[in-house]
Amino acid sequence: MTVVAITGGARGIGLATARTLLATGAKVAIGDLDSAASAADELGCFGTDLDVTDRASFARFLDETERELGPIDALVNNAGIMPLGTFADEDDDLTHRIVDVNLHGVILGMKLAIARMVPRGRGHIVNVSSGVGRVALAGAATYSATKHAIIGLSEATRAELRGTGVDVSVMVPMIVNTELGSGLSTVRGARTVEAADVAAAIAGVLRKPRFETWIPRSGRLLYRMAVLLPRPLAEALGRGTGAADVLATADTAARDAYEKRARNGA
């Protein structure tokens with residue numbers, strides 16, 4: 001029976017992924033900065049507090065997971081925050097927090113998981129990036145930078161791990177109907193998806209490994225068009241579909257509760 005550890009598992013994509021994997025018969029552990037225990041009780045799985053920016057906390061999460069459920073077969077690095085705003089006005093402390101949670105947290109998790117998986121000759125790490133990890137948009141420059149970095153990190157480590165039995169995959173969701181995506185408008189040509197859609201895609205990748213998965217699949221087409229077109233035409237396409245301004249024009253009132261929690265570390 002597969003043992004899967006999920007970061008940011010108390011809400012949104014992480015919670016949906018835990019629910020989906022439990023339904024397939026997997027043993028699941030969820031870690032989160034808060035509410036992990038209550039979410040785990042609701043799902044009927046193992047859960048504990050986790051600060052992905054702290055090595056000791058992350059190591060403890062994986063150690064406790066293995067004590068409770070057995071050796072970890074897969075780690076889903078899902079934890080992340082997306083405070084919106086212009087880069088020039090972003091407070092330095094907030095910049096550090098975004099990078100620490102979104103990128104350093106993934107780096108820590110990968111290092112700790114790889115140290116367990118390689119000696120066993122098996123394992124799978126799934127990193128949750130974003131569409132803005134391929135096509136950057138105004139309104140969340142630091143967030144976009146971290147998501148670009150996750151894709152590069154995943155590509156490089158996948159190459160390093162070739163032949164070890166440990167695989168690395170990256171998920172590239174576009175707009176998802178979660179608290180993190182609250183207040184965002186739609187993009188023409190790419191439907192807004194539910195957390196359950198991303199969860200199903202993660203379950204599919206764990207069942208049949210592949211490197212990169214877009215959710216929805218139409219996002220890949222938009223990305224390829226943007227890459228192939230000359231920059232002025234690609235930027236015009238972004239404006240025409242509404243993608244270019246989807247973050248910069250978010251409904252701040254609808255995002256107020258999320259923004260406060262993301263900025264304050266709750």
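**A surface patch and other features**

Tutor: Leu221 lies in helix α7 (residues 218-228), where helices (H or I, at least four residues) and strands (E, at least two) are DSSP runs, numbered from the N terminus. This is a predicted model, in which local features need pLDDT of at least 70, side-chain atom pairs count only at pLDDT 80 or more, and totals for chains, interfaces and linings use all residues. Residues are numbered from 1 along each chain as its sequence is written, and side-chain values use heavy atoms, with hydrogens and water left out.

Student: Is Leu221 buried or exposed?

Tutor: Leu221 is exposed, with a relative accessible area of 53%. Buried means under 20% relative accessible area, exposed means over 50%, and partly exposed is in between (1.4 Å probe, protein chains only).

Student: Which residues make the nonpolar surface patch with Leu221?

Tutor: Leu221, Met225, Leu229 and Leu233 make a nonpolar surface patch of about 350 Å². Patches are made of residues with over 30% relative accessible area and no salt bridge; like charges are joined within 9 Å, and nonpolar side chains (Val, Leu, Ile, Met, Phe, Trp, Tyr) within 5 Å. Accessible areas come from the Shrake-Rupley method with a 1.4 Å probe; for residues, only the protein chains shown count as cover.

Student: You mentioned salt bridges. How many does a search of the whole structure find?

Tutor: The search finds 14 salt bridges, each being a side-chain nitrogen of Lys or Arg within 4 Å of a carboxyl oxygen of Asp or Glu. One of them joins the side chains of Asp34 and Arg11 (3.3 Å, N to O).

Student: Why does that pair tie together separate parts?

Tutor: Asp34 lies in the loop between β2 and α2 and Arg11 in the loop between β1 (3-7) and α1 (12-23), so the pair ties together parts that are 23 residues apart in sequence. Asp34 is partly exposed at 25% relative accessibility, and Arg11 is partly exposed at 26%.

Student: And which residue does Arg261 meet in a salt bridge?

Tutor: The side chain of Arg261 meets that of Glu179, at 2.5 Å from N to O. This pair links distant parts of the chain, 82 residues apart: Arg261 is in helix α9 (residues 252-264), and Glu179 is in the loop between β6 (166-173) and α6. Arg261 counts as buried at 18% relative accessibility, whereas Glu179 counts as partly exposed at 34%.

Student: New topic. Where does Ser35 lie, and what about its phi?

Tutor: Ser35 lies in the loop between β2 (27-32) and α2 (36-43). Ser35 has a positive phi of about 70°, although it is not a glycine. With a relative accessible area of 36%, Ser35 is partly exposed.

Student: What joins Ile215 and Pro216?

Tutor: A cis peptide bond joins Ile215 and Pro216, with omega about 0°. Pro216 lies in the loop between β7 (212-215) and α7.

Student: How far apart are Leu84 and Ala248?

Tutor: Leu84 and Ala248 are 164 residues apart in sequence, and their C-alpha atoms are 7.5 Å apart in space. Leu84 lies in the loop between β4 (74-77) and α4, and Leu84 counts as buried at 13% relative accessibility.
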